[in-house]
Amino acid sequence: MGQIEVQDLTKDYGSRKGIFQVNFSVEKGEIFGFLGPNGAGKTTTIRHLMGFIRPDSGSVSIKGMDCFEKREEIQKILGYLPGEISLLDQMTGTEYLNFMAGMKGLRDRSYMNELITYFELDPRSKILKMSKGMKQKLAIVCAFMQKPEILILDEPTSGLDPLMQIRFIDLLLEEKKRGVTILMSSHIFEEVEKTCDRTAIIREGRLATIENMNTLAEKKKKVYTVTFTDGQAARNFAEAAQKYEAKVLDHQVQLSAGGRPGEVLKKIALADPVDVDIKSQSLEELFLHFYDKEEA
């Protein structure tokens, strides 16, 4: 049994809104991505895991404990970063962190202070006057500071600048080494690609697929843009390479092909082109492929 178990989870809000028959599990020490556009059902699923709402049917559990019935017990081992952060605006950042540390029964605050330094957070000002990025850093420190066994993160890098996004990814990978189990919802493909072991793709409240990230990388296609001296040479090459989804653009041919590039490059070399540019399909393009496939 996984650390996090979601079985046939359904919450129907009517008008096709909600989540329907969602199934997945997250193993100990795994970073599990939860990918989908706004409104797909990511946050609704997470609210069930936090014990904020009770499912219409199905079950959600963390370490074998029902998330709704045992939510107080689960909170002791859990770090949570909500998608919509709500902080006590009249407090300073320092007051808020000390308040939250007290609520969590955190006596040793050395790791909290390390995180403050790591994210270059100045917690002395009032939360009301903080930028979105500063509030996000404050919420990250709160989620991680007691070194929880399990982390549930909803759009964790929202509002962070690129440098802090990189630092956050490094922090996640360090937590993984520590054996922490992490569920992370996101629509930022790069952070999912760099951190996750497996990723669930959700659309309109239903899981489209769950993919191992290594397997997903193998499914990625490469796009070869082959340049010739003239249009006729390009058309001749495209005709001979139709099995690779060849598309002619004036004196260039675009080929889309999966697998190892050796066979494709041999065929290109025989045509004696002027230039070849190779670009890997992004995770985002692959994700859109799943949506197109579901629509079909």
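These legends accompany close-up views of a sheet and a helix in a predicted model.

Some ground rules first. Local features need pLDDT of at least 70 and side-chain atom pairs count only at pLDDT 80 or more, while totals for chains, interfaces and linings use all residues. Residues are numbered from 1 along each chain as its sequence is written, and side-chain values use heavy atoms, leaving out hydrogens and water.

**View 1. Four strands make an open sheet in the order 2-1-4-5.** Strands here are DSSP runs of E with at least two residues, and helices are runs of H or I with at least four, each numbered from the N terminus. Two strands count as paired if DSSP finds at least two bridges between them. The pairing in this sheet is antiparallel. Strand 2 (17–26) and strand 5 (65–66) stand at the edges with a single partner strand each, so one side of each has no neighbour in the sheet.

**View 2. Strand 1 and strand 2 form a hairpin.** Seven bridges link the two strands in the antiparallel sense. Look for G14, whose bridge partner in strand 2 is K17. Two residues lie between the strands, and S15 in the turn has a positive phi of about 55°.

**View 3. Strand 4 pairs with strand 1 and with strand 5.** Five bridges connect strand 1 and strand 4, and T10 stands opposite S57 in strand 4. Two bridges join strand 4 (residues 57–62) to strand 5, where I62 stands opposite M65. Helix 1 (residues 42–49) packs on the sheet, touching strand 1 (4–14), strand 2 and strand 4; contact means heavy atoms within 4.5 Å. The direction of helix 1 makes about 120° with that of strand 1, using lines fitted to C-alpha atoms (for helices, over the stretch in contact) and angles from 0 to 180 degrees between N-to-C directions.

View 4. M164, F168, I169, L171, L172 and E175 are its buried residues, meaning under 20% relative accessible area, with exposed being over 50% and partly exposed in between (1.4 Å probe, protein chains only). The buried residues pack against several elements, including strand 3 (31–35) and helix 5 (132–144). Just after helix 6, G179 takes a positive phi of about 90°.
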